[in-house]
Amino acid sequence: MVVFLSCQLFHKEVLRQSISHKYLMQGPCLPYTSKLVKTLLYNFIRQEKPPPPGTHVFPQQSDGGGLLYGLASGVATGLWTVFTLGGAGSKAAASPELTSPLANQSLLLLLVLVNLTDAPDIPNPYRQAVSSFKNTQDSSPFPSSIPHTFQINFNSLYTALCEQQTSDQATLLLYTLLHQNSNVRTYVLARTDMENLVLPILEILYHVEERNSHHVYMALIILLILTEDDGFNRSIHEVILRNITWYSERVLTEISLGSLLILVVIRTIQYNMTRTRDKYLHTNCLAALANMSAQFRSLHQYAAQRIISLFSLLSKKHNKVLEQATQSLRGPLSSSDVPLPDYAQDLSVIEEVIRMMLEIINSCLTNSLHHNPNLVYALLYKRDLFEQFRTHPSFQDIMQNIDLVISFFSSRLLQAGAELSVERVLEIIKQGVVALPKDRLKKFPELKFKYVEEEQPEEFFIPYVWSLVYNSAVGLYWNPQDIQLFAMDSD
């Protein structure tokens with residue numbers, strides 16, 4: 001079926017009507033939609049390993065089974081060898097982590113089917129099936145208006161999703177289910193072992209240098225979808241993790257899942273600022289932090305430091321661009337044809353990000369000040385950073401609360417005398433939180449961002465899915481010179 005649908009690879013534009021579309025979405029295949037989707041999902045869940053090369057797939061017969069059995073056994077073993085070792089030109093052959101070719105091929109086919117474009121008068125039945133299936137433990141009747149429904153074991157599906165997040169295709173499946181299937185999303189958010197799913201996603205973001213941009217986007221959007229839920233934002237600060245070995249910047253012997261999530265997202269923003277400078281990535285990172293900000297609890301001291309360090313980096317970048325803009329206005333008009341950088345646009349983008357960071361800090365202070373002494377400590381330690389923004393017209397309103405908190409605690413530390421230890425400062429902060437009049441903090445609208453798929457998402461997802469098929473499908477080969485759908489990497 002993958003080969004049958006692969007004509008898409010040889011077209012630059014997304015195919016919206018073809019013989020294969022018509023056959024799969026309107027023809028004799030239609031009644032088998034839910035059965036096919038369910039089978040493909042179970043193949044992914046089971047992750048069955050192929051038999052070793054040379055293993056007899058069919059039972060041995062005492063008399064040798066005759067010529068027909070010998071031929072069938074040889075063909076079957078040969079097919080397994082193709083799956084196990086990869087056919088000619090297969091890129092998956094060099095991928096040692098591919099332990100179940102059947103699961104991989106099933107997942108790729110499922111993603112191809114789900115991302116087929118709707119017919120003019122018929123919605124994609126495979127997408128309908130993926131967006132409506134329920135847990136086997138759910139005994140409520142299926143709505144008659146929803147076609148192609150079925151049930152599957154959500155616990156097994158959740159376990160497989162947690163274990164397989166090293167691959168692009170498993171992350172894309174997780175995104176698809178969270179975004180399109182409300183039953184799966186509700187189930188996932190109700191799990192008490194959320195760290196099993198979140199940690200692999202954070203690890204993808206942490207190793208951003210080694211991942212392709214699409215994989216990073218999917219991981220980030222998954223976090224954004226999860227942070228839309230207040231229950232998730234509360235519960236991640238209650239999960240305590242120990243010895244996160246893949247986080248190498250600092251030894252984290254004990255940290256909450258929430259603080260680790262903040263650290264990884266901030267690291268992604270900083271990487272993006274210095275390398276890719278992708279506004280889309282910035283926006284989604286900040287949106288996830290903003291969704292969480294009102295529920296920040298007991299932030300790890302390192303997480304609190306990194307929040308303020310990110311603000312410091314943005315502040316320096318703001319000053320640098322402002323200086324460059326001022327110099328370009330004072331300097332002589334350029335006689336060359338080289339256009340001057342658009343400093344006004346750069347400044348606008350940086351100020352937008354700075355405001356977002358101030359809103360995140362403000363949201364934490366107004367909603368959970370008493371839970372976050374480490375953030376107050378970090379604010380006081382770097383209080384000079386905020387001075388230049390107090391009178392800035394773009395930030396005056398949002399600076400009121402931050403300025404109030406800094407002034408209030410600074411005066412209490414001044415009263416306590418000089419040469420205070422870190423422990424003593426934190427003690428003064430905890431005492432001061434009780435004394436700070438909450439009515440003096442100005443209320444702002446709650447920070448809430450919701451992920452919305454862009455118009456014509458197929459323009460992104462169809463080339464992405466087919467690039468995964470091209471690079472990951474086992475035993476299948478397409479001539480790279482004929483590929484038109486996406487740009488081929490140069491060898």
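In the protein chain, 72% of the contacts with a separation of 6 or more are between residues 24 or more positions apart, a contact being a pair with heavy atoms within 4.5 Å. The model is predicted: local features need pLDDT of at least 70 and side-chain atom pairs count only at pLDDT 80 or more, while totals for chains, interfaces and linings use all residues. Residues are numbered from 1 along each chain as its sequence is written, and side-chain values use heavy atoms, with hydrogens and water left out.

The protein chain contains 20 helices and four strands; these are DSSP runs numbered from the N terminus (helices H or I, at least four residues; strands E, at least two). Of its 491 residues, 48% count as buried. Here buried means under 20% relative accessible area, exposed over 50%, and partly exposed in between, with a 1.4 Å probe and protein chains only.

The largest nonpolar core comprises 156 residues. Such a core is a set of buried Ala, Val, Leu, Ile, Met, Phe, Trp, Tyr and Cys residues joined through side-chain atoms within 4.5 Å. Tyr-247, Leu-260, Ile-307, Phe-386 and Trp-466 have the most contacts inside the largest core. Helix 16 gives the most to this core, with 12 residues. With residues up to four places away in sequence not counted, Phe-386 touches Ile-308, Phe-311, Leu-358, Ile-361, Leu-379, Met-399, Ile-402 and Ile-406.

Helix 16 (343-368) is also among the elements that cover the buried residues of helix 14, together with helix 11 (213-226), helix 12 (230-235) and helix 13 (257-274). Helix 14 itself spans residues 279-293, and its 15 residues reach 21 Å from the first C-alpha to the last, close to the expected 21 Å. The expected span is 1.5 Å times one less than the number of residues. Helix 14 is mostly covered, with 12 of its 15 residues buried; among them are Leu-281, His-282, Asn-284, Cys-285 and Leu-286.

The loop between helix 14 and helix 15 holds His-300. The C-alpha atoms of His-300 and Asn-374 are 7.0 Å apart in space, although the two are 74 residues apart in sequence. Besides Asn-374, His-300 touches Leu-252, Glu-254, Ile-255 and Ser-259, again not counting residues up to four places away in sequence.

Axes are lines fitted to C-alpha atoms, for helices over the stretch in contact, and angles run from 0 to 180 degrees between N-to-C directions. Helix 15 passes helix 16 in a left-handed crossing. A crossing is left-handed if the near helix is turned anticlockwise from the far one by less than a right angle, and right-handed if clockwise.

Helix 7 (residues 154-163) and helix 10 (residues 195-206) have axes 8 Å apart and pack at an angle of about 25 degrees, which makes helix 7 roughly parallel to helix 10. Tyr-158, Leu-161 and Cys-162 of helix 7 form the contact with Asn-196, Leu-197 and Pro-200 of helix 10. The crossing of helix 7 past helix 10 is left-handed.

Helix 8 (residues 168-180) has 13 residues, and its end C-alpha atoms are 18 Å apart, in agreement with the span of 18 Å that it should have at 1.5 Å a residue. Because 11 of the 13 residues are buried, helix 8 is largely enclosed by the rest of the structure. The buried residues of helix 8 include Asp-168, Gln-169, Tyr-175 and Leu-177. The axes of helix 8 and helix 9 (residues 182-190) come within 5 Å and cross at roughly 100 degrees, so the two helices are roughly perpendicular to each other. In this contact, Leu-177, Leu-178, His-179 and Gln-180 of helix 8 meet Ser-182, Val-184, Arg-185 and Val-188 of helix 9.

Most residues other than glycine have a negative phi. His-148, not a glycine, has a positive phi of about 60 degrees and is found in the loop between strand 1 (134-135) and strand 2 (151-152). Gln-456, likewise not a glycine, has a positive phi of about 55 degrees; its loop runs between helix 19 (422-435) and helix 20 (458-472).

Notes: Parallel < 35°, antiparallel > 145°, perpendicular 65-115°, else oblique.
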